[in-house]
Amino acid sequence: MNTIIIQIGASSDHYGAFAENCPGVYGAGNTAEEAKQDALKGLELFINSRDKKDLPEILHNQYTIEYRYDTQSFLNRYNKIFTNVALERLTGINQKLLHHYSTGLKKPRSIQRKKIETALHKLGNELLTVKL
């Protein structure tokens, strides 16, 4: 099964989304979620407006969608769920620096991005084992 990778990023006044490996699929919105949904609509429109033979190879078979966020977009998308206090506990990155990342004042180095990603995946894996 193929995977379409949709990159979501923040600019100074909106969010944009595009498929990294499927040319012609774009989206935008006032929030990361709006950009994500607009990109999905864009993908549907892209598929429905072309003959199957004219579609990129990746769309000829079943596919899944993977979303990749820049750090600023992710932090803003999930700021009601993951406060800076909670993220500091999870990642060890201080709240002030996390705030700078979420506002775009600073861009995290790759090691900092990996710290955030690893902590979130660890939490997610832990939550998958919970039974209530």
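Helix α1 lies across strands β1, β2, β3 and β4, running at about 150° to β3. Helices (H or I, at least four residues) and strands (E, at least two) are DSSP runs, numbered from the N terminus. Axes are lines fitted to C-alpha atoms, for helices over the stretch in contact (heavy atoms within 4.5 Å), and angles run from 0 to 180 degrees between N-to-C directions. The model is predicted: local features need pLDDT of at least 70, side-chain atom pairs count only at pLDDT 80 or more, and totals for chains, interfaces and linings use all residues. Residues are numbered from 1 along each chain as its sequence is written, and side-chain values use heavy atoms, without hydrogens and water.

The four strands make up an open sheet of mixed pairing, in the order β3-β2-β1-β4; two strands pair if DSSP finds at least two bridges between them. Because β3 (26-29) and β4 (63-69) each have a single partner strand, one side of each is left without a neighbour in the sheet. Strands β2 and β3 run antiparallel and are joined by four bridges. Tyr15 has Gly29 of β3 as its bridge partner.

The largest nonpolar core has 16 residues, and Ile4, Ile6, Cys22 and Leu59 have the most contacts inside it. Such a core is a set of buried (under 20% relative accessible area, 1.4 Å probe, protein chains only) Ala, Val, Leu, Ile, Met, Phe, Trp, Tyr and Cys residues joined through side-chain atoms within 4.5 Å. Helix α1 gives the largest share of this core, five residues.

Ala119 is placed in helix α5 (residues 110-128). Ala119 is buried, with a relative accessible area of 8%.

Note on methods:
Buried < 20%, exposed > 50% of the residue type's maximum accessible area, 1.4 Å probe, protein only.
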